[in-house]
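Okay, everyone, thanks for coming.

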Amino acid sequence: MATAISRAPGPEASEDPLDSYSATVVRVAETVTPHVAAIEMTGYGRGGRFRVGAGSAVLFTTDGYLVTNAHVVAGTQSGHAVFADGTRTAVDVVGADPLSDLAVVHGKAPTAAPAEFGDAETLRVGQLVIAVGNPLGLSGSVTAGVVSGLGRSIPVWSGRNRRMIEDVIQTDAALNAGSSGGALADARGRIVGINTAVAGAGLGLAVPVNATSRRIIASLLKDGRVRRAYLGLVNTPVQLPASTVVRTGRREGLLVVEVLPASPADRAGLHAGDILLSVGQKPVANAESLQKLLFAEAIGVPLELSLMRDGTEMRAVAVPEEMTDKN
């Protein structure tokens with residue numbers, strides 16, 4: 001008869017889970033911190049140079065380009081960045097996009113290596129994330145938490161008009177104003193978001209690093225701005241009823257929360273409560289899936305909309321306008 005042999009607990013078996021968690025946070029902090037700079041944006045007045053805004057920025061190229069928040073650089077053209085090792089460089093604003101709250105600045109004398117960008121589309125609610133920033137010049141400020149929500153929206157003002165920053169990551173990793181523009185990293189040290197705002201006690205928000213934000217950054221690098229098509233609706237992801245799933249083969253859509261007056265969506269006959277299934281014959285199930293359809297090439301081009309209203313599938317056609325401060 002075989003005799004069961006039990007192995008004495010070794011270091012791995014007795015490892016404290018909290019130690020493993022801490023080790024992950026420490027490793028990510030050590031990986032990400034060298035790529036995150038404190039930035040201070042300045043202007044000129046009668047008294048000379050003065051500080052206009054400050055926050056954090058993430059180096060993402062070998063030739064000195066950093067991504068930060070549009071609200072950090074708003075109204076400025078230049079400033080300086082300081083990395084965790086004390087390296088200081090002047091920076092110039094390349095371009096800013098208030099609707100995504102993303103901006104790109106260029107450092108004139110960078111010495112740090114670029115960060116590794118990941119893909120926020122792989123994130124799941126409950127996943128560990130680590131926020132790294134340089135608030136108020138305190139290099140390497142690190143907090144950890146979990147993804148507490150995906151696909152959130154932040155209301156912002158563009159000129160006199162209210163806009164929505166869509167598809168935002170919500171996390172309980174504590175943030176403060178100086179962390180704006182800093183990095184949100186996954187457990188492998190890849191940047192999956194750019195911290196954008198403090199929404200309240202124990203709540204932080206970040207712009208996701210995904211196909212749409214990469215396209216925005218590319219446009220800022222090339223043109224210094226982002227041209228967008230405008231439909232004029234506020235939406236949120238929604239699970240479709242079982243009967244609709246059977247009939248359409250789709251499980252998710254976009255619930256129209258608000259249709260802005262005199263907008264292309266309004267002229268197309270959309271109402272609050274409608275559920276968008278597809279735009280331009282492409283399924284839409286989250287904010288990013290709609291956003292990536294509304295760049296410059298969609299301006300003035302009729303888009304067929306498939307939607308559900310009170311359980312009935314309908315069709316509509318909207319002609320997006322170019323987004324400006326006036327619409």
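The second largest cavity in this predicted model has a volume of about 30 Å³. By cavity I mean a set of points on a 1 Å grid over the protein atoms alone where a 1.4 Å probe fits but cannot get out, with lining residues having an atom within 4 Å of a point; the volume is the space filled by probe spheres set on the points, which are joined across faces, edges and corners.

Who lines that one? Leu102, Phe117, Ile194, Pro208, Val209, Ser213 and Ile217. They split into 6 nonpolar, 1 polar and no charged, where nonpolar is Ala, Val, Leu, Ile, Met, Phe, Trp, Tyr, Cys and Pro, charged is Asp, Glu, Lys and Arg, and the others, Gly among them, are polar.

The largest cavity comes in at about 110 Å³, with 13 lining residues. Ser100, Glu166, Val207, Ile216 and Gln291 lie nearest its centre.

Now, strand β16, residues 275–279. Strands here are DSSP runs of E, at least two residues, numbered from the N terminus. All 5 of its 5 residues are buried, so β16 is largely enclosed by the rest of the structure; buried means under 20% relative accessible area with a 1.4 Å probe, protein chains only. β16 runs antiparallel to β18, with 4 bridges, and valine 279 stands opposite leucine 305 there.

Housekeeping: residues are numbered from 1 along each chain as its sequence is written. Local features need pLDDT of at least 70, side-chain atom pairs count only at pLDDT 80 or more, totals for chains, interfaces and linings use all residues, and side-chain values use heavy atoms, leaving out hydrogens and water.

Methods. Buried means under 20% relative accessible area, exposed over 50%, partly exposed in between (1.4 Å probe, protein chains only). Two strands pair if DSSP finds at least two bridges between them. On a 1 Å grid over the protein atoms alone, a cavity is a set of points where a 1.4 Å probe fits but cannot get out, and a pocket is an open set with protein on both sides within 12 Å along at least five of seven lines; lining residues have an atom within 4 Å of a point.
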